[in-house]
Amino acid sequence: VVCRDGCIKAVGQADVIRDQFSGATFERIIDCSGKCVLPGLVDAHTHPVWAGDRVHEFAMKLAGASYMEIHQAGGGIHFTVEHTQKATEEELFNTFKHRLERMRRAGSTLVECKSGYGLNLETELKMLRVIERAKQSMDIGISSTYCGAHAVPKGKTATEATDDIINNHLPKLKELKLSGEIHVNNIDVFCEKGVFDLESTRRILQAGKDIGLQINFHGDELHPMKSAELGAELGARAISHLEEVSDEGIVAMARAKCAAVLLPTTAYMLRLKQPQARKMLEEGVIVALGSDFNPNAYCFSMPMVMHLACVNMKMSMNEALAAATINAAYALGKSDTHGSIETGKQGDLVIINSSRWEHLIYQFGGHEALIDYVIVKGKVVYHNERSGTMSSY
């Protein structure tokens, strides 16, 4: 039962609920006989605001070019940055809105959304305004992230870029937050060899923390950088990627209750070694999942991410579901309101046309026929008219 305020009023057996609310009137009743009701999925890592897709680079990757080789040849992030800088705010908003709608149809009700394809203050702010506009106008939860340190801008050194972010970008974000124009939740840095080193990363993350942003950054992806150790030390809420994390870093993250946001699409697309999900889980790390939607990993679907996590990272289906709901909400600092079906939490739900919830993971790429309803704050934001006519088997 979800109240008008969008929060869950009661959870329990159907007959008990019927007795409890026998005198109540409801705006809408959904018959879920033979179906499963799940918490809305949470996508803990996406880059959904940009212009300039990189479909042409997919062939290069398949032919064996590495991420950094494409990056150094002027492709990768810099290709998208060039197009994003030229795009109008309206163009960016329209494509972003379309992408969010596709994520929602795949069951995501809370999505972390990064800037990071601007690299100059003007374009980063343009991206953050687009995210803010979607927050205000769309029925989907958004946690916004400033990721101005996604790459070193052309013509600058990493130290110069770091100084610019600390002296110009972050003070402006603080000013816009105080004026109520833009509310950013997290700060992110791509801590990587040839991008931002450990010391630059430390300086930017600390400066972000000082203006009230949660630390949630890219670390230990392509090279071991001791990012996990740094994140634990700085009190990071979450660190993403971690394909090259050290054993010491895993232990440090577990102790610091710093979530590991694992991105099976990235390891799959770039043919990287898989993150050590099993070791992290055994050491007590809070493991979350994200789609890493971006021009390099074009995936909107958390059900597909869960499937890849189970097959390639050896997670169980229960672990994958927790990682795509309550743990992903934790990684965004929202597990008190999102990520599970509990009284008092926000009424974000996914109803699937199957009597077993595991079908959402088992049916690889099958969510379009399987998801009946997506509900945000008790409001039906997606109803699949065709789903009821199809058998999930």
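**Domains, aromatic pairs and cavities in a predicted model**

In this predicted model, the protein chain is divided into domain 1 (7-35 + 346-383) and domain 2 (41-51 + 87-332).

Reader: What distance separates the centres of domain 1 and domain 2, and how many residues does each domain give to the contact?

Author: Taken over C-alpha atoms, the two domain centres lie 29 Å apart. The contact draws on both domains, with 17 residues from domain 1 and 18 residues from domain 2.

Reader: How many aromatic pairs are found, and what is the geometry of Phe293 and Phe300?

Author: A search of the whole structure gives six aromatic pairs. For Phe293 and Phe300 the ring centres are 4.5 Å apart and the planes stand at 20 degrees. Planes under 30 degrees apart count as stacked, so the pair of Phe293 and Phe300 is stacked.

Reader: How is Tyr298 placed against Phe300, and which residues form the aromatic cluster?

Author: Tyr298 and Phe300 pair at 5.4 Å centre to centre, with 90 degrees between the planes, which is edge-to-face. One aromatic cluster is formed by Trp50, Phe293, Tyr298 and Phe300.

Reader: Is Phe300 buried or exposed, and into which class do Phe293 and Tyr298 fall?

Author: The limit for buried is under 20% relative accessible area. Phe300 has 8% relative accessibility, so Phe300 is buried. Phe293, at 0%, is buried as well. With a relative accessible area of 44%, Tyr298 is partly exposed.

Reader: Over which rings do the charged ends of Arg133 and Arg237 sit?

Author: The charged end of Arg133 is 3.8 Å from the ring centre of Phe93 and sits over that ring. The charged end of Arg237 sits 4.0 Å from the centre of its ring, which belongs to Tyr330.

Reader: How many cavities of 30 Å³ or more are there, and which residues are closest to the centre of the largest cavity?

Author: The count comes to five cavities of 30 Å³ or more, and the largest cavity holds about 130 Å³ of space. Its lining has 14 residues, divided into four nonpolar, seven polar and three charged. Closest to the centre of the largest cavity are Tyr67, His150, His241, Asp292 and Asn294.

Terms used. Residues are numbered from 1 along each chain as its sequence is written. This is a predicted model: local features need pLDDT of at least 70, side-chain atom pairs count only at pLDDT 80 or more; totals for chains, interfaces and linings use all residues. Side-chain values use heavy atoms; hydrogens and water are left out. Rings of Phe, Tyr and Trp (its six-membered ring) pair if their centres lie within 6.5 Å; planes under 30 degrees apart count as stacked, over 60 as edge-to-face and the rest as tilted. Buried means under 20% relative accessible area, exposed over 50%, partly exposed in between (1.4 Å probe, protein chains only). A charge sits over a ring if NZ of Lys or CZ of Arg is within 6 Å of the ring centre and within 35 degrees of the ring normal. On a 1 Å grid over the protein atoms alone, a cavity is a set of points where a 1.4 Å probe fits but cannot get out, and a pocket is an open set with protein on both sides within 12 Å along at least five of seven lines; lining residues have an atom within 4 Å of a point. Grid points are joined across faces, edges and corners, and a volume is the space filled by probe spheres set on the points. Ala, Val, Leu, Ile, Met, Phe, Trp, Tyr, Cys and Pro count as nonpolar, Asp, Glu, Lys and Arg as charged, and the others, Gly among them, as polar. Domain bounds come from an automatic or database domain assignment. Contact means heavy atoms within 4.5 Å.
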